Amino acid sequence: MKVFENFFSFEGRINRLQYGIRFVAAAILGLAASGLIGQLSFFFSLPIENQMVRNGIGLSLFMTGIVITYISLVSLTVRRAHDMNFRGWWTAAAVWGFFATPLFFMFVFFLAHAPCASQDNRFGPAPPEGL
């Protein structure tokens, strides 16, 4: 499916529709998969008697999924910033905003609603409209 291509690429551009759909899909699928993997580690746990070790394995798997999800969301945000002819470093505001939630949501809202640069820019050709 084209929606799930290049989730970890930091080069190029994506339009508003692609950004919105991919951002929501990555967040939902990433969090669901992370939670599922973390929970499955409890049900199909290795023959480890120590409960703390089993909890640590589940938490480690869960956090690995969260980090992978976060990297994919940052890559989408960088490519959306490129579409508006901003450097990817503007995404540092989103990284900080992850910890300061109102700033993060304002930045994502801006990226999701601001029009793109309709012509080619230094980051590549304009992305086609649609998915």
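Tutor: Helices are DSSP runs of H or I with at least four residues, strands are runs of E with at least two, and both are numbered from the N terminus. On that reading, N15 falls in the segment before α1. The model is predicted, so local features need pLDDT of at least 70 and side-chain atom pairs count only at pLDDT 80 or more, while totals for chains, interfaces and linings use all residues. Residues are numbered from 1 along each chain as its sequence is written, and side-chain values use heavy atoms, with hydrogens and water left out.

Student: How many helices and strands does the protein chain have?

Tutor: The protein chain has 4 helices and 0 strands, and along the sequence the pattern reads α-α-α-α.

Student: What share of the residues in the protein chain is buried?

Tutor: A residue is buried under 20% relative accessible area, exposed over 50%, and partly exposed in between, with a 1.4 Å probe and protein chains only. In the protein chain, buried residues make up 34% of the 131 residues. N15 is an example, as its relative accessibility of 1% makes it count as buried.

Student: What does the side chain of N15 reach?

Tutor: A polar contact is a pair of N or O atoms within 3.5 Å; within protein, one must be able to donate a hydrogen and the other to accept it, and residues adjacent in sequence count only if both atoms are side-chain atoms. Here the N15 side chain reaches the backbone nitrogen of L17 at 3.2 Å.

Student: Which residues make up the largest nonpolar core?

Tutor: A nonpolar core is a set of buried Ala, Val, Leu, Ile, Met, Phe, Trp, Tyr and Cys residues joined through side-chain atoms within 4.5 Å. The largest one has 11 residues, namely I14, Y19, F23, A26, L73, L76, M84, F107, V108, L111 and A114. Two or more residues of this core come from each of α1, α2 (51–83) and α4 (101–113).

Student: How many aromatic pairs does a search of the whole structure find?

Tutor: Rings of Phe, Tyr and Trp (its six-membered ring) pair if their centres lie within 6.5 Å; planes under 30 degrees apart count as stacked, over 60 as edge-to-face and the rest as tilted. The search of the whole structure finds 2 aromatic pairs. One of them joins Y19 and F23 in a tilted arrangement, 5.5 Å centre to centre with 45° between the planes. Both residues lie in helix α1, 4 residues apart, about one turn of the helix, and both Y19 and F23 are buried. F86 and F110 also form a tilted pair, at 6.5 Å centre to centre and 35° between the planes. Because F86 lies in the loop between α2 and α3 (92–99) and F110 in helix α4, this pair ties together parts that are 24 residues apart in sequence. F86 is partly exposed at 29% relative accessibility, and F110 is partly exposed with a relative accessible area of 38%.

Student: Which residues do salt bridges that share partners join into one network?

Tutor: A salt bridge is a side-chain nitrogen of Lys or Arg within 4 Å of a carboxyl oxygen of Asp or Glu, and by this rule the count comes to 2. In one of them D83 pairs with R13, with the closest N and O atoms 2.9 Å apart. D83 lies in helix α2 and R13 in the segment before α1, so the pair ties together parts that are 70 residues apart in sequence; both D83 and R13 are buried. R80 also bridges to D83, with the closest N and O atoms 2.6 Å apart, and these two residues, being 3 residues apart in helix α2, are separated by about one helical turn. R80 counts as buried at 0% relative accessibility. Through shared partners, the salt bridges join R13, R80 and D83 into one network.

Student: What is the phi of N85?

Tutor: Most residues other than glycine have a negative phi. N85, which is not a glycine, has a positive phi of about 65°. N85 lies in the loop between α2 and α3 and counts as partly exposed at 34% relative accessibility.

Student: How far apart in space are F123 and G88?

Tutor: F123 and G88 are 10.0 Å apart in space, C-alpha to C-alpha, and 35 residues apart in sequence. F123 belongs to the segment after α4, and at 21% relative accessibility F123 counts as partly exposed.
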